Amino acid sequence: GVDGVAASATARGGAAAAAESPKATDTPTESGDSGAEPSPQPQPPPLEQQQQQQQHDVPPPPPIAAVGTGVDAEKLLEPNNRATELPRPPSTGYWELINPGSWEQNGPEPFGGRARSASDANVLRRKGHLKEQDMLIDHMRRMHDTHTCEEVMMKMERWIAEHRLDPKRSRLKRLLPSVGHFFTQLKLVEAFREYDSVFHLSRRRYIPPNFAELRHIMNIAQVHASADHLKLITFDADGTLYADGSHFDQDNAMIGHLITLMQNKVQVAIVTAAGYPGQAHMFEGRLAGLLDAFRRLKLPKEVTDRFHIMGGECNYLLRVTPDDKRLEFVPEDLWQTDVMRRWDERDIDDMLASAQEMLVESAKAHKLSVKVLRKQRSVGIIPTNNTIYEVLEDIALTVQNQLEANVPFCAFNGGNDVFVDVGNKSLGLEALQDYLGAEPQNTMHVGDRFTLSGNDSATRDMCSVMWVANPEETGFFIKVLLKDIRKSRRTPYIE
């Protein structure tokens with residue numbers, strides 16, 4: 001990861017460990033030795049068999065859920081959530097034409113077999129491009145046209161050091177005007193050599209490192225830079241600690257990592273868009289496996305006091321009770337910043353009303369049927385029919401650019417929904433740092449949405465960041481972090 005703002009180095013992809021599995025990233029990465037002898041390729045089956053196989057391989061659409069906001073489909077039906085459904089646009093939609101199973105209802109196939117395979121829903125749902133947006137890494141990729149991998153890392157390491165000394169007049173600022181802060185120095189050459197010893201990027205002759213691989217190198221450099229002085233580490237929830245729409249189960253591999261961080265006197269916090277005002281039990285349901293582990297291990301108060309949850313981006317702070325290891329809300333006067341205390345409830349209501357109107361109009365413009373979910377500090381839309389990532393991205397960016405309000409807000413694409421929250425994660429990080437006594441240079445945020453429409457991007461203003469693609473990647477890099485911490489603090493890892 002990196003510490004920059006709009007151009008910080010971290011991008012979507014797989015981790016060093018996850019790169020061995022094509023499931024770890026949206027876009028497979030080629031990280032093996034290019035000199036390996038290719039194995040003989042079997043003859044493809046007849047075209048008719050391929051078409052039949054493609055028809056069976058199309059996965060069913062995912063369940064409708066407010067992914068990225070901590071709201072699943074079942075919770076949308078709760079009375080307090082005031083979920084309302086917009087009428088479905090009339091006429092047969094494009095998805096009905098390309099979804100297998102709908103042809104029996106709509107008549108003969110509108111496309112031939114070859115066209116159907118090309119218009120497969122699985123193809124249309126690919127979303128790797130929009131999840132790999134980072135100006136710094138894009139620039140590093142272009143540098144490979146005239147530089148070797150190691151030369152790129154040497155130059156970038158030098159430019160970052162120069163930028164930290166003079167952020168306004170640095171070469172990096174001239175090349176990338178939107179580049180932000182680097183709270184630590186990144187030893188990119190060492191990180192590249194470490195990564196290259198496993199994945200042999202330097203042996204390639206014609207294929208430069210891809211976006212994900214460069215992000216892995218930046219993450220390794222950031223982990224090594226932060227380990228010695230880390231006081232606060234924060235995590236996004238969905239897509240970072242557990243899969244989108246899931247919860248913290250007892251067998252989640254991250255439980256042991258989080259507890260070990262806490263035992264090493266590192267403050268651990270989950271900063272999530274999920275918000276349940278006055279309902280601590282709703283947060284407990286999402287973290288049941290972690291809280292059970294606290295009780296099972298009989299962790300002392302000294303350790304569990306180092307765990308917090310910042311919900312609704314920056315609107316609700318919870319802590320662990322010392323006896324029964326449950327969650328309780330921290331009184332607002334103990335942690336809210338002066339900026340938050342000045343927010344007027346009328347301005348909040350006006351902002352949410354305007355955001356809801358804009359979300360609904362944008363959905364109608366895209367012929368998208370949605371449910372509207374309005375809460376105390378957020379409003380969002382959840383599609384009730386299949387759509388593609390680009391549509392949600394466009395809606396989120398529309399609100400970002402057109403909504404005017406007297407209070408700060410965050411409009412983001414959650415992957416299966418679009419939400420607008422009061423405040424943002426930058427304000428949540430600022431409040432946590434003040435409350436826990438941490439500084440930007442000894443704080444790191446781990447998340448999976450640092451793109452233009454992602455709600456993790458705002459944290460770059462407040463600390464170093466590490467951009468992961470999935471929970472497996474998170475686990476890999478946290479293992480690297482714990483290894484570095486054990487070297488410096490000599491504390492044993494406890495499962």
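Confidence first. This is a predicted model, and its chain has a mean pLDDT of 80, with 72% of the residues at 70 or more.

Over residues 54-82 the pLDDT stays under 50, though the model still has 69 contacts beyond four places in sequence for them. Residues 88-127 also stay under 50, and here I noted 52 contacts beyond four places in sequence.

Next, a helix pair. I picked H11 (residues 254-263) and H20 (residues 471-489), whose axes come within 10 Å and cross at roughly 30°. Angles under 35 degrees count as roughly parallel, so I logged H11 and H20 as roughly parallel to each other. The hand of the H11 and H20 crossing is left.

Which residues of H11 and H20 meet? From H11 I listed Met254, His257, Thr260 and Leu261. On the H20 side I wrote down Thr474, Gly475, Ile478, Lys479, Leu481, Leu482 and Ile485. Sorted by class, the contact of H11 with H20 has 6 nonpolar, 4 polar and 1 charged residues.

I found His163 in helix H7 (residues 149-165). Is His163 buried or exposed? The relative accessible area of His163 is 3%, so I put it down as buried. Leaving out residues up to four places away in sequence, His163 touches Ser170, Leu172, Lys173, Val179, Gly180 and Phe182.

Technical notes: Residues are numbered from 1 along each chain as its sequence is written. This is a predicted model: local features need pLDDT of at least 70, side-chain atom pairs count only at pLDDT 80 or more; totals for chains, interfaces and linings use all residues. Side-chain values use heavy atoms; hydrogens and water are left out. Axes are lines fitted to C-alpha atoms, for helices over the stretch in contact, and angles run from 0 to 180 degrees between N-to-C directions. Helices (H or I, at least four residues) and strands (E, at least two) are DSSP runs, numbered from the N terminus. Angles under 35 degrees count as roughly parallel, over 145 as roughly antiparallel, 65 to 115 as roughly perpendicular and the rest as oblique. A crossing is left-handed if the near helix is turned anticlockwise from the far one by less than a right angle, and right-handed if clockwise. Contact means heavy atoms within 4.5 Å. Ala, Val, Leu, Ile, Met, Phe, Trp, Tyr, Cys and Pro count as nonpolar, Asp, Glu, Lys and Arg as charged, and the others, Gly among them, as polar. pLDDT is the predictor's confidence in each residue, from 0 to 100. Buried means under 20% relative accessible area, exposed over 50%, partly exposed in between (1.4 Å probe, protein chains only).
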